[in-house]
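Okay, everyone, let me put the structure up and talk you through a few spots in it.

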Amino acid sequence: MDYVTLNNGVKMPILGFGVYQIPKEETKQAVLDAINVGYRSIDTAQSYFNEEEVGEAIEESNVPREDLFITTKVWIDNYGYDNCKKSIYESLNKLNLDYIDLVLLHQPFADYYGAYKALEDLYKEGKIRAIGVSNFYPDRITDICLFGRNIKPSINQVEVNPFNAQFDAQKNMEDLGVQISAWAPFGEGRNNMFTNETLVNIGKKYNKSAAQVILRWLIQRKVVVLCKSTHLQRIKENFDVFDFELSDEDMNVIKKLNKEDSLFFNHQDPEMVKWFDKMVEVRRN
């Protein structure tokens, strides 16, 4: 496993296991499988509604707590100072942990200034080892780095995949001292990503799948990457990306696939903001 060092000196595995859209009844086993395969970074969120199952897997695993890196995210309706702080204690309880390695603000809406101040205070109290944000566009991450904090965000987790490579956003984060992290590295298979001729042909050179090529491409770009599966064989395959290295030529060929557009949504679209609100409300009820 390779690691990145965050701007506060905390080390984080560059490859992690995400549990977005994994049903509650399948989450515990999926996380146990991932830990047994070798993953040490597990990424969940309040809005995934499976923090408790992640906590059960952590408790049942034979891996010492200090060897695991656990991330969760605060949802929009828990923003504001008091609500955010209360929600993180609830997450600690659900995860059955004394501390969380990384807590992110999940979306760039509502009172994220107040919520971020709560993250800062819990960081100072030792309840969180690193703090950050998710889905913050270049203007928003620059805003919170320059004007909204006493402690700079360690991470900004955004969509990154071959069709939405985020090169300019990554450069901006590097200039700010913020580590980029990728959700949806496979784009959930959209645009036929797993059968893309370029990725498949590069994979054949290394006896690897298109998915493994994507993960390796991100790792070589120093992007912290999260991948998800409930199938043990695929969990193993996604972890098996540290025994080869893409050539500079292959890296550049993949770079040309970039369309500079999200495969999912635009956070600056008012209708999409409304969708975020209703999506979690429906799942919560």
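Start at K222, which comes just after α8 and takes a positive phi of about 65 degrees. Keep in mind that what you're looking at is a predicted model.

Two other residues belong in this part of the talk. A184 has a phi near 55 degrees, a positive value in a residue other than glycine. N192 is another non-glycine residue with a positive phi, near 55 degrees. A184 sits in the loop between β9, residues 179–183, and α7, residues 197–206, and N192 is placed in the loop between β9 and α7 too. So, buried or exposed for A184? A184 has a relative accessible area of 15%, so it goes down as buried. N192 comes out at 56% relative accessibility, so that one counts as exposed.

Now back to α8 itself. How many residues of α8 are buried? It's 10 of the 11, so this helix is largely enclosed by the rest of the structure. The buried ones run A210, A211, Q212, V213, I214, L215, R216, W217, L218 and I219. Notice that the list includes Q212 and R216.

On to the core. The largest nonpolar core has 99 residues, and the ones with the most contacts inside it are F17, I88, L105 and L119. Which helix gives the largest share of that core? That's α8, residues 210–220, with eight residues.

Next, what α8 packs against. Take α7 to begin with: the axes of α7 and α8 come within 8 Å and cross at roughly 90 degrees. The two helices are therefore roughly perpendicular to each other. On the α7 side the contact uses L199, V200, I202 and G203, and on the α8 side A210, V213 and I214. By type, that contact has six nonpolar residues, one polar and no charged.

Then there's α10, residues 248–255. Its axis and that of α8 come within 11 Å, crossing at roughly 105 degrees. An angle from 65 to 115 degrees counts as roughly perpendicular, so α8 is roughly perpendicular to α10. Here α8 puts in V213, W217 and Q220, while α10 brings M251, I254 and K255. This contact divides into four nonpolar, one polar and one charged. If you're clicking along, V213 is in the α10 contact and also in the α7 contact.

Let's go over to another helix pair, α1 and α2. Helix α1 covers residues 24–37 and α2 covers 51–60; their axes come within 8 Å and cross at roughly 30 degrees. That makes α1 roughly parallel to α2. The crossing is right-handed. From α1 you have K24, T27, K28, V31 and L32, meeting E52, E53, V54, E56, A57 and E60 in α2. What types of residue are those? They divide into four nonpolar, one polar and six charged.

While we're in that area, P23 lies in the loop between β3, residues 15–18, and α1. P23 has 32% relative accessibility, so it counts as partly exposed.

Now S91, which is in helix α3, residues 81–95. With 1% relative accessibility, S91 counts as buried. What does S91 contact, once you leave aside its neighbours within four places in sequence? The contacts are Q46, E51, T72 and I100.

The last stop is W183, in strand β9. W183 has a relative accessible area of 17%; the cut-off for buried is under 20%, so W183 is buried. Not counting residues up to four places away in sequence, W183 touches N135, Q157, V158, E159, V160, F264 and F265. And have a look at W183 with Y20: they're 163 residues apart along the chain, yet their C-alpha atoms are separated by 9.6 Å.

That's my tour, happy to go back to any of these spots.

Methods: Residues are numbered from 1 along each chain as its sequence is written. This is a predicted model: local features need pLDDT of at least 70, side-chain atom pairs count only at pLDDT 80 or more; totals for chains, interfaces and linings use all residues. Side-chain values use heavy atoms; hydrogens and water are left out. A nonpolar core is a set of buried Ala, Val, Leu, Ile, Met, Phe, Trp, Tyr and Cys residues joined through side-chain atoms within 4.5 Å. Buried means under 20% relative accessible area, exposed over 50%, partly exposed in between (1.4 Å probe, protein chains only). Helices (H or I, at least four residues) and strands (E, at least two) are DSSP runs, numbered from the N terminus. Axes are lines fitted to C-alpha atoms, for helices over the stretch in contact, and angles run from 0 to 180 degrees between N-to-C directions. Angles under 35 degrees count as roughly parallel, over 145 as roughly antiparallel, 65 to 115 as roughly perpendicular and the rest as oblique. A crossing is left-handed if the near helix is turned anticlockwise from the far one by less than a right angle, and right-handed if clockwise. Contact means heavy atoms within 4.5 Å. Ala, Val, Leu, Ile, Met, Phe, Trp, Tyr, Cys and Pro count as nonpolar, Asp, Glu, Lys and Arg as charged, and the others, Gly among them, as polar.
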